[in-house]
Structures are given as structure tokens and as C-alpha cells.
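Please open the model in a viewer and keep the selection panel at hand.

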Amino acid sequence: MKLLITGGAGFIGSHLSTRLIEIGHSVIALDNLSTGSAENIAGLMGNSNFEFVQGSILDEKLIHTLMARVDGCMHLGAALGVQRILERPYESLVANTHGSEIAIKAAAELGKRFFLASTSELYGKNPKQPLTEESDRVIGSPQLVRWAYSEAKAIDESIVQMFHMSHSLNFVTGRFFNTVGPRQSGAYGMVLPRFVSAAIKNEPITIYGDGSQSRVFCHVSDAVNAVLKIFFEDKALGNAFNIGGKEEISITDLAKRVITLTNSTSKIEYLPYSKAYPAGFEETMRRVPDTSKIGSMTGWKPEFSLDEIIKDIEKFIRTSS
Ligand SMILES: NC(=O)c1ccc[n+]([C@@H]2O[C@H](COP(=O)([O-])OP(=O)(O)OC[C@H]3O[C@@H](n4cnc5c(N)ncnc54)[C@H](O)[C@@H]3O)[C@@H](O)[C@H]2O)c1
């Protein structure tokens, strides 16, 4: 198959492009290189099954032209990272709603299979954990810009559903929970690359808030496997699936684990949210995925332990700096 990967020079998109080519597909990667980078796809340049197009998902004509050349599209292009969204709220909202609408509409009109990259942010502050695909969205006021990313991805999920009904769009949605691994940048507020970078330099590790908030991390390689399982499985079409890891850990314990595994002398420091983020930030205290839906349909399960994930990120940062 020939596939269009929007956000193909990003963290997950570049790993997905590599894997697709490894298993015999060809890829057109579209990216505006806002948070993605040429470095992420350097290993693919020159490969006859790979083409890179620098451009925006907001360019309707370009999207239509590219979509006409492929058999399917995996839509990962988006503005993300809590910090980036709080700093550039309007630009992010437009990319994450209108940009997705353009890609979804083109796929629907041209009859292409579609993967939508959605997020665990969708569930917001829902205290009932673990989160299943049917869990409610519990989010804060729309006056708090912090929730705009969650809102945008929820709208995207509604749009794919509507095109499924009106145009029989063949789609699957993957709701990624904290996906991490080599190539992820710490520059936009992603916690693990930030912690590991600081630990390697024996610099203080700064925790935002009191550190009792917890997360479950999934290695990008596991996440890519999950996307492939649902995208190529006909029974999965028309459905949304959680994609997440297996070990819940508080952010304080995560910092301690990073320090131990990297043999670091870093100290842990705490910064109140009011100092870490612009006004309008609300924390999600727990976010634990229930991945039984994808597991029972496709047999997928996350393989990487948290320690393996941390060691892999450490190796990447040490070799690339
Ligand atoms: N990494 C995670 O933990 C996580 C969690 C939930 C959801 N997701 C979703 O997965 C997808 C990939 O995220 P990622 O972690 O790889 O982040 P990323 O920032 O590395 O990837 C997003 C890519 O989209 C590109 N992009 C942004 N705006 C664009 C535009 N207007 N036109 C074309 N390209 C544009 C960026 O340059 C970047 O390469 C996103 O849709 C994101 O919302 C990721």
C-alpha cells in the first residue's frame, strides 16, 4: 500500500513511516516541520519508497492532491504539547480542527482508508480509572485554553464518525496515552525526555505541581505496532481504541526511577503549576488506559517495561547529543 502520513516528520509519524517501509509499504510524509524535524526522517531520505513533502494540513489543495496518490492516510499532523498549546492557542486549535477536517474530508471523498491520531486528553479529568473507550469526557471550562486540545481531538473524532455515516469512510481512531521513546523532544513540555536529559547532565529535575499526579507510559514502538494492527484489521473499522502502556507511576516516582537508572546525582525540585504554565492550566491527576478492546480484537499488548523505555530514551539522548 502507499500511505500518506501527516505529521510524518514528527515523533510518532517518523517511527510509523520507518516501520511501514520496513514491512513493504511506501510512504508520503507530509509535515510543516513545526515540532517535527528533518533529522527524524534523515534515515528515510533517498529511499525509493519514501517521499517527503513540506507543507501544511491546512493546504486543502495539497492534501487533496496527495490523498489522490495514496491508498490510505494516517493522520498524525497536529499541534501538541501542553506548553505549545498554551503559548499558541489559536494556531493550535485551527490546525487540530480545520486541518483534520481537511484530511478527513479528502479521504472520505476519495474513498481512502483513514487513521485518526486521537488522545487520552479526550477523557480530561475523569476520576474513574482505568479509562475505557466508553468513559465519559470530564473536562474544564472552555474559558481555560488548556482544554482546547481535548476539544479539538473530540471534534475530529466526531468528524470521522460523520463521514463514516455519510460517505462510508473506512476509519480507525487510536487514542494515544503518553507515548514516549527515542526522538521525542522535551522542548514542548514532554515529561520523560525532559527528565532524562536533566538526569544525564546531573542537573535538577523539575517536577510541575506536587508530583503525585500519575501517568502510564507507552514505548513508541509498541504504539506503532498498535496503529498497524488496527489500521489493517477490517473488523476494527469504525472504532476508537485506547493505545497505552502498562505501568502506572507517579511523577515523583518517575523522577526517582530516572535518577536511579541513569546513575545520576540530580536533585528533584518542585515548581507550582502557576509558575510552570501560563494562566489556565488544570492538571489531570491520573490517566490510566484500559487497553482490553484493542487486545481482544487484535492480540496487541504493550511489550516494553517502564525501565526499558527509560533506558532507550537515555541511549538516544546520549548518542544524539
Ligand atoms: N506523543 C504522545 O504522547 C501523544 C499522545 C496523544 C496523542 N498524540 C497524537 O499523536 C500525533 C503525533 O504526535 P507526536 O507525539 O508524534 O508529536 P509531534 O509534534 O512530533 O508530531 C506532530 C507532527 O505534526 C506536524 N504538524 C503540526 N502542525 C502541522 C500542520 N499544520 N501541517 C503539517 N504538519 C503539522 C509537526 O511538525 C509534527 O511533526 C498527534 O496527532 C498527537 O495529537 C500523541
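The model is predicted: local features need pLDDT of at least 70, side-chain atom pairs count only at pLDDT 80 or more, and totals for chains, interfaces and linings use all residues. Residues are numbered from 1 along each chain as its sequence is written. Helices (H or I, at least four residues) and strands (E, at least two) are DSSP runs, numbered from the N terminus.

**The sheet.** Select β3, β2, β1, β4, β5, β6 and β11, which in that order form an open sheet of seven strands with parallel pairing; two strands pair if DSSP finds at least two bridges between them. β3 (50-54) and β11 (239-243) each have a single partner strand, so one side of each is left without a neighbour in the sheet. From one strand to the next, the twist averages 20°. Angles run from 0 to 180 degrees between N-to-C directions, with axes as lines fitted to C-alpha atoms, for helices over the stretch in contact.

Now zoom in on β4 (residues 72-75), which is joined to the parallel β5 by four bridges. His-75 has Leu-116 of β5 as its bridge partner.

**The ligand shell.** Select the 29 residues around the ligand, of which Gly-7, Gly-10, Thr-35, Gly-36 and Ala-78 come nearest; a residue is near if its C-beta atom, placed from the backbone, lies within 6 Å. Elements giving two or more residues to this shell are α1 (11-22), β2 (26-31), α4 (89-110) and β5 (113-119). The largest share, three residues, comes from α1.

**A helix pair.** Select α6 (residues 191-200) and α8 (residues 251-261), whose axes come within 9 Å and cross at roughly 40°. On the α6 side, the contact is made by Val-191, Phe-195, Val-196 and Ala-199. From α8 come Ile-251, Leu-254, Ala-255, Val-258 and Ile-259.

**Two backbone details.** Most residues other than glycine have a negative phi, and most peptide bonds are trans. Select Gln-129 and Pro-130: the peptide bond from the former to the latter is cis, with omega near 0°. Pro-130 lies in the loop between β5 and α5 (148-167). Finally, select Arg-183, which is not a glycine but has a positive phi of about 85°. Arg-183 is in the loop between β7 (179-180) and α6.

Key. Two residues are in contact if their C-beta atoms, placed from the backbone, lie within 7 Å.
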